[in-house]
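Here is a short note for a reader who is new to structures. Please keep the model open while going through the points.

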Amino acid sequence: MTSQREHSILISPVGELSTELIEAVAGEIEQVFGFSTETNTILQDLSFALDDNRNQHHSTAILDRLAADIPPQAIRVLAIAQVDLFIPILTHVYGEAQLGGQACIVSTFRLNEERSGTNVPPKYIERIVKEAIHELGHTFNLRHCREHTCLMHSCRNESDVDQKSDQLCRYCKVLLDDEIKRLKVK
């Protein structure tokens, strides 16, 4: 039986990230998913996923490494990286997740208008939190939602991220609750 007290969601920063950002993500994870969080870096270097032609990192390769190295007490792992991510069919992605799997990643690279590592405005933190919860939602089998205000709605640019709410719609919330209940039975 899996319990939310026995397991946690691991936040795995890659590189230097502000404590304020990590705490905001952790707080929202605990609120939405009901699992405690831990912070520990699994991957120090993402150069193995760098595509020299695109000067971007292939997010799927990173997910495979994360999933292979997830510690036993972690029910999911969320990597937060500052590199530009892609999948071959898109020019860039804000993040990627293993649908129904254990690993997801979100990138800060394109979600900060100022593109400064030291400048952490509230809007930037809000965007990262939204996309982190969105990607974790995929690991709990949530798919993209048609409801434009739902946290699981797909986003193509920063404006899309800003326009969606920080909440799941009623339908996605029911699906998440069902998935968490299913995990507890295992």
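1. The model is predicted. Residue numbers and element names in this note should be read with that in mind.

2. Start with the sheet. Five strands form an open sheet in the order S2-S1-S5-S8-S7, and their pairing is mixed. The edges are taken by strand S2 (36-39) and strand S7 (95-97); each has a single partner strand, so one side of each has no neighbour in the sheet. On average, neighbouring strands are turned by 20 degrees against each other, with direction ignored. As background, strands of a sheet pair through backbone hydrogen bonds, in either a parallel or an antiparallel way.

3. Within this sheet, strand S1 (residues 8-13) and strand S5 (residues 74-81) run parallel and are joined by six bridges. Ser 12 has Ala 79 in S5 opposite. Helix H1 (residues 19-33) packs on the sheet, where it touches S1, S2 and S5. The direction of H1 makes about 155 degrees with that of S1.

4. Next, helix H3. This helix covers residues 122-139, which is 18 residues, and spans 26 Å from its first C-alpha to its last, close to the 26 Å expected at 1.5 Å a residue. H3 lies across S1, S5, S7 and strand S8 (103-107), and runs at about 160 degrees to S8.

5. Why can H3 be called largely enclosed by the rest of the structure? Of its 18 residues, 15 are buried, so the description follows from that count.

6. Lys 130 belongs to helix H3. Is Lys 130 buried or exposed? Its relative accessibility is 3%, and buried means under 20%, so Lys 130 counts as buried. Leaving aside residues up to four places away in sequence, Lys 130 touches Leu 151, Val 161, Asp 162, Lys 164, Ser 165 and Asp 166.

7. Most residues other than glycine have a negative phi. Asn 55 is not a glycine, yet has a positive phi of about 55 degrees. Asn 55 sits in the loop between strand S3 (50-51) and strand S4 (56-58), and is exposed, with a relative accessible area of 60%.

8. Asn 141 is the other case: its phi is positive, about 70 degrees, although it is not a glycine. With a relative accessible area of 30%, Asn 141 is partly exposed.

How values were computed. Residues are numbered from 1 along each chain as its sequence is written. This is a predicted model: local features need pLDDT of at least 70, side-chain atom pairs count only at pLDDT 80 or more; totals for chains, interfaces and linings use all residues. Side-chain values use heavy atoms; hydrogens and water are left out. Helices (H or I, at least four residues) and strands (E, at least two) are DSSP runs, numbered from the N terminus. The expected span of a helix is 1.5 Å times one less than its number of residues. Buried means under 20% relative accessible area, exposed over 50%, partly exposed in between (1.4 Å probe, protein chains only). Contact means heavy atoms within 4.5 Å. Two strands pair if DSSP finds at least two bridges between them. Axes are lines fitted to C-alpha atoms, for helices over the stretch in contact, and angles run from 0 to 180 degrees between N-to-C directions.
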